[in-house]
Amino acid sequence: MVNRRPPLSLLNTFEAAGRLGSFKAAANELNVTPSAISHQIKTLEEQLNFTLFRRNNRNLSLTDPGKALLETVSLHLSGLKQGVDNVQRRYGHPSIRAHILPFQATEVVIPNLHHFQRDNPNVELRIETSLYGGDFNLSGIDIGIRLGTKALKDSWAGLEADLLLEIEVSPVCAPSLQTSEKINVFSDLLGQNLIHIPYGDNPWQRWADAVGLKGLNTKEELTLDSYTSHLSAAEQGLGISLGLFPLAHAWVKKGRLVELFHQRIPVEEAYYLIYRSEDAERPDLQAFRHWLQALFSDLKKESDEFYSSQPHK
């Protein structure tokens, strides 16, 4: 006798019931009735010739064969879904799911996004702006901006990583704070409140080492993980922030912050635009990639020109 392989629909029902531990919950997820779930599980058990669930009053638990099957089915259904999603992204209606860090999204991308939409009206764009992106390979993201070093960039296997923006740092604060505290030279920072952001190993200490400033208190008394909050705290006069340029350029140009010294220090970290190697020829993705690269290139050019025009301190 030839063993009949169960249809995918039954395995999908079993996966939902096993994962959720409830026929009712599986019915809600699959938009069918609990009795339909029960009937499909019974049919699957008859085809497999072993019991998948223990039914004790209102309790439902997997048998050992059920646990083994759930592990296998879950793995392969997940792979099937991911494979279908990948093919659909590449050959279906142009649709891009991007992950852009919150500050870049709010300050740079969104104010200019209408230009991309005007030039690419048929591309559906979904942007996630969480501070921490998930596993790029598994999260369904097509393209994202990541902060990293060249060494970290080389570890992103299977991904293309294009340099998007190199970073320089320089202390910034509220204009009123600079005036009241008479901050004009590096040593004037001694004793000031420093605002920290958790990027790498103590950025303030790295800046002090680079400019040769000794005795700077880099104890992390105020740390903000959002760069928008970081600059907002400086704007409110809560302390001195490290401006990441050219990202902080607009805040300085508008007078919300003042750049304390005419000396920017390059750092090892940079922002990279990453996407799957297999998507290197996707027209919609590459259109968005080129647009982002041009946008951030213009930002750097504007920042550099403004910086060069300022009097040396």
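I began with arginine 282, which forms a salt bridge with aspartate 284, the closest N and O atoms being 2.8 Å apart. The rule I used: a side-chain nitrogen of Lys or Arg within 4 Å of a carboxyl oxygen of Asp or Glu. This is a predicted model, so I kept its limits in view: local features need pLDDT of at least 70, side-chain atom pairs count only at pLDDT 80 or more, and totals for chains, interfaces and linings use all residues. Residues are numbered from 1 along each chain as its sequence is written, and side-chain values use heavy atoms, with hydrogens and water left out.

Next I checked burial (buried is under 20% relative accessible area, exposed over 50%, partly exposed in between; 1.4 Å probe, protein chains only). Arginine 282 is buried at 4%. Aspartate 284 is buried at 9%. The pair belongs to a salt-bridge network that links Asp142, Arg276, Asp279, Arg282 and Asp284. I noted 17 salt bridges in the count.

**Helix α11**

The expected span is 1.5 Å times one less than the number of residues. Its buried residues include Asp284, Trp291, Phe296 and Tyr307. I also looked at the ring of tyrosine 307: the charged end of arginine 264 sits over it, 4.1 Å from its centre. The cut-offs are NZ of Lys or CZ of Arg within 6 Å of the ring centre and within 35 degrees of the ring normal. Arginine 256 sits likewise over tryptophan 251, with its charged end 3.7 Å from the ring centre.

**Helix α1**

I then turned to α1, with 13 residues and a reach of 18 Å, close to the 18 Å expected. Glycine 21 follows α1 and has a positive phi, near 70°. Glutamate 15 is buried at 12%, whereas arginine 19 is partly exposed at 42%. What else does arginine 19 form a salt bridge with? I found glutamate 29, with the closest N and O atoms 2.6 Å apart. Glutamate 29 lies in α2 (residues 23–30) and arginine 19 in α1, so this pair ties together parts 10 residues apart in sequence.

**Aromatic pairs**

I noted 11 aromatic pairs. Rings of Phe, Tyr and Trp (its six-membered ring) pair if their centres lie within 6.5 Å; planes under 30 degrees apart are stacked, over 60 edge-to-face, the rest tilted. Phenylalanine 14 and phenylalanine 53 have centres 5.8 Å apart and planes at 65°, so they are edge-to-face. Phenylalanine 14 lies in α1 and phenylalanine 53 in strand β1 (residues 53–56), so the pair ties together parts 39 residues apart in sequence. Phenylalanine 14 is buried at 0%, and phenylalanine 53 is buried at 3%.

The rings of phenylalanine 186 and phenylalanine 261 have centres 4.8 Å apart and planes at 80°, so this pair is also edge-to-face. Phenylalanine 186 is partly exposed at 21%; phenylalanine 261 is buried at 5%. I traced ring pairs linking Phe186, Trp204, Trp207 and Phe261 into a cluster.

Conventions. Helix = DSSP H or I, 4+ residues; strand = E, 2+ residues; numbered from the N terminus.
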